[in-house]
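Subject: Structure handover

Hello,

Please find the structure below. My notes on it follow, grouped by topic.

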Amino acid sequence: MMVAAGAAMPYANDDDAASLSARQRWLAVLAKASVADLESAWSELPQRPRYRTLRPSETGLVMVRGRIGGTGQPFNLGEMTMTRAAVQLVDTTGAVTHTGFGHVAGCSAKHAELVALFDALLQNPDLHDELVSHVIEVLAARQAAEKAARAENLAATKVDFFTMVRGE
Amino acid sequence: MSGLGDPQSAAGDFAGLPPGFAEPVHDAQACFRTILDGLAHPGRIQEMPVSPAAGLPSPLGSAAASVALTLCDIDTKVWLDDKLTSASSYIAFHCGAAITADAGEASFALVADPADLPPLDAFSLGTDQYPERSTTLVIEVAGLVASYGVRISGPGIRDTARLGVAGLPARFWSERAALNELFPRGVDVLFVSGTQFAALPRSTRIAF
């Protein structure tokens, strides 16, 4: 997982690469958001879509791999719990319009399903911009603020070690 | 809006994909119990207790899909006959199983067109040390009856029973009878027809 995120992958064209990274960004923001935030965003939608679950939420383990210093040989860091879900939005005729996927850390079935639902909605060009500005950017800003606050708290406890040069 | 590509392609290959079991764990357990019971009673025609969601890729049958959803997973390679190539994304998505073109290395073979069935020894028969490494065939047939057809006997059958399978080429029975000599090697067969199925494990002997 950690390795794959930054790996250069061959894309058919730049457009594919751009849409993939845009999707990676919203999926990352959604996966890190709290269930409560997503639930309130869901209930605030002007119109909740019709959908069916393509794959109900299921919890499993994934092996997290890492590289020492980011460049060493990959090694298995350990397993983590992960939950995934897939949903399909359907229109009034019952035809599938968009398929969304959610992968989240932990074992919250609700979280994975909400991520998948928002992923599907964000693929709809009519809703995309609205959702990005009202949901994704809001969540991203909140996450950035939390991260900054945490970094600030930790910075206060930072200790710098240094050695005096002996004057000789 | 830029960067999202064509909305049609955004739905991708998943738009035509139906859901699998409604309750993946419990439905697979119910089907597993029934398949186990079917294998313990060769030739007994049974109804699959649970059907997967509607909209299966044609010509994948309901019972065949239930068997695949129940038994196939990431550790089993699945071979599909030419008519069932349409089902490869369904199997890959819901079972996580790899599709193989080599019948000899498949753990499961799904067959929708029995007339085009490869010779049975083209599938894996297992080895004497590891007979379980054989292929399990899931063959969609036109119909199943217990009142006429070949006489079968062996473990799980009191005296003899009959199993009539419609739409199966005649060579199947001679090829299957020839495999009896290789026991414990051989192939296990699940005949499926709509929502019904009947099992023909390798231990069953065939008389015409």
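In chain B, β4 (108–111) and β5 (136–140) each supply at least two residues of the lining of the largest cavity. Please keep in mind that this is a predicted model. About 40 Å³ of space lies in that cavity. The structure holds one cavity of 30 Å³ or more.

Which residues line the largest cavity? The lining consists of Pro59(B), Leu60(B), Gly61(B), Ala64(B), Leu84(B), Leu110(B), Val111(B), Ala112(B), Val138(B) and Glu140(B). Sorted by class, eight of the lining residues are nonpolar, one is polar and one is charged.

Pro59(B) leads on to the backbone. This lining residue is joined to Ser58(B) by a cis peptide bond, with omega about 5°. Pro59(B) sits in the loop between β1 (46–47) and α3 (62–71) of chain B.

A cis peptide bond also joins Phe183(B) and Pro184(B). Omega is about 10° there. Pro184(B) belongs to the loop between α5 (171–179) and β8 (188–193) of chain B.

Two residues of chain B have a positive phi worth looking up. Asp159(B) is not a glycine, yet its phi is positive, about 55°. Look for Asp159(B) in the loop between β6 (143–153) and β7 (161–166) of chain B. Is Asp159(B) buried or exposed? Its relative accessibility is 65%, so Asp159(B) counts as exposed. Gly96(B) follows α4(B) and has a positive phi near 75°.

Helix α4 itself covers residues 88–95 of chain B. Its buried residues are Tyr90(B), Ile91(B), Phe93(B), His94(B) and Cys95(B).

Next, the salt bridges. How many salt bridges does the structure hold over all chains? There are eight.

Asp37(A) and Arg142(A) meet through their side chains in a salt bridge, 2.8 Å from N to O. Asp37(A) lies in helix α3 (residues 35–43) of chain A and Arg142(A) in helix α5 (residues 125–155) of chain A, so this pair ties together parts that are 105 residues apart in sequence. Asp37(A) has a relative accessible area of 22%, so it is partly exposed. Arg142(A) is also partly exposed, at 38% relative accessibility.

Glu58(A) forms a salt bridge with Arg84(A). The closest N and O atoms of the two are 2.7 Å apart. This pair links distant parts of the chain, 26 residues apart: Glu58(A) is in strand β1 (residues 51–67) of chain A, and Arg84(A) is in strand β2 of chain A. Glu58(A) is partly exposed at 30% relative accessibility. Arg84(A) is partly exposed too, at 31%. Both residues belong to a network of salt bridges that also links Arg55(A).

In chain B, a salt bridge joins the side chains of Lys77(B) and Glu105(B), at 3.5 Å from N to O. Where do the two partners lie? Lys77(B) is in strand β2 (residues 77–80) of chain B, while Glu105(B) is in the loop between β3 (98–100) and β4 of chain B. The two are 28 residues apart, and the pair links distant parts of the chain. Lys77(B) is partly exposed, with a relative accessible area of 35%. Glu105(B) is partly exposed as well, with 38%.

Back to strand β2 of chain A, which spans residues 74–90. Thr83(A) is placed in this strand. Its relative accessibility is 0%, so Thr83(A) counts as buried. Thr83(A) and Ala109(A) are 26 residues apart in sequence. In space, their C-alpha atoms are 6.5 Å apart.

Leu77(A) is in strand β2 of chain A as well. Why does Leu77(A) count as exposed? Its relative accessible area is 53%, and the cut-off for exposed is over 50%. Leu77(A) also takes part in a nonpolar surface patch with Ile68(A) and Phe75(A).

Best wishes

Notes: Residues numbered from 1 in each chain as written. Chains lettered and ligands numbered in written order. Predicted model: local features only at pLDDT ≥ 70, side-chain atom pairs only at ≥ 80, totals over all residues. Heavy atoms only, no water. 1 Å grid on protein atoms, 1.4 Å probe; cavity = no way out; pocket = protein on both sides within 12 Å on 5 of 7 lines; lining within 4 Å. Points joined across faces, edges and corners; volume = space filled by probe spheres on them. Helix = DSSP H or I, 4+ residues; strand = E, 2+ residues; numbered from the N terminus. Nonpolar A, V, L, I, M, F, W, Y, C, P; charged D, E, K, R; others polar. Patch = residues over 30% accessible without salt bridge, like charges linked within 9 Å, V, L, I, M, F, W, Y side chains within 5 Å. Areas by Shrake-Rupley, 256 points an atom, 1.4 Å probe, with all protein chains shown as cover. Salt bridge = Lys/Arg side-chain N within 4 Å of Asp/Glu carboxyl O. Buried < 20%, exposed > 50% of the residue type's maximum accessible area, 1.4 Å probe, protein only.
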